Amino acid sequence: MTDALQPTFNIEKLYVKDLSVEVPNAPAIYLEREAPQIEVNMSTESRPLGDDMYHTSITVTVTSKISDKTMFLVECTQAGVFRIQNVPQEQIPMVLGIGCPNIVFPYLRETVSDVVIRAGFPPLLLNPVNFEALYAQQQQAQQQQAAPAQTH
């Protein structure tokens, strides 16, 4: 009967929640030979769905520019629904902040690369992300924000 209390973690669904690609200066931009500047902004979000179900999403915005001209702009939200059971409540934020994004990110990376190729540009591979370090930074920032409130 101890199996009933074993921690379980299942991927219920992985999907593209939102995707857009813009090539505002086509077709002239394809004649440019200069190397573009690429800017990547990323955020993660997790929330409970009820009954041991959780939703985690990663949103990325990739902007590629040459001087002041935008080559392409890609916005993508890749998400997953996860079933997490028999995990201590205090460990859930860590699972949602590290484990779930680590599963979702490779799919996001593939989707962004694919859409950039389909837009007529060389593949763009997003650099790996250390979600463990990001989670630790977020926890530290939250503790620092809470600390002044505790000293009064």
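Rings of Phe, Tyr and Trp are taken to pair if their centres lie within 6.5 Å. In the predicted model described here, Tyr 30, Phe 72 and Phe 121 form one aromatic cluster on this basis, and the structure holds 4 aromatic pairs. One of these pairs joins Phe 105 and Phe 131, whose ring centres are 5.9 Å apart and whose planes make an angle of 65 degrees, an arrangement described as edge-to-face. Because Phe 105 belongs to helix α1 (residues 92–118) and Phe 131 to helix α2 (residues 131–151), the pair ties together parts that are 26 residues apart in sequence. Both partners lie under the 20% limit of relative accessible area that defines a buried residue: Phe 105 counts as buried at 7% relative accessibility, and Phe 131 counts as buried at 3%.

Strands of a sheet pair through backbone hydrogen bonds, and this pairing may be either parallel or antiparallel. In the present model, 4 strands form an open sheet in the order β1-β4-β3-β2, with antiparallel pairing. The edge positions are taken by β1 (8–22) and β2 (37–50), each of which pairs on one side only, while the twist from one strand to the next averages 15 degrees. Between β2 and strand β3 (residues 53–66), the antiparallel pairing extends over 13 bridges, and Arg 47 is found opposite His 55 of β3. Helix α1 packs on the sheet and touches β1, β2, β3 and β4 (69–85), and the direction of α1 makes about 140 degrees with that of β4.

Note on methods
Residues are numbered from 1 along each chain as its sequence is written. This is a predicted model: local features need pLDDT of at least 70, side-chain atom pairs count only at pLDDT 80 or more; totals for chains, interfaces and linings use all residues. Side-chain values use heavy atoms; hydrogens and water are left out. Rings of Phe, Tyr and Trp (its six-membered ring) pair if their centres lie within 6.5 Å; planes under 30 degrees apart count as stacked, over 60 as edge-to-face and the rest as tilted. Helices (H or I, at least four residues) and strands (E, at least two) are DSSP runs, numbered from the N terminus. Buried means under 20% relative accessible area, exposed over 50%, partly exposed in between (1.4 Å probe, protein chains only). Two strands pair if DSSP finds at least two bridges between them. Axes are lines fitted to C-alpha atoms, for helices over the stretch in contact, and angles run from 0 to 180 degrees between N-to-C directions. Contact means heavy atoms within 4.5 Å.
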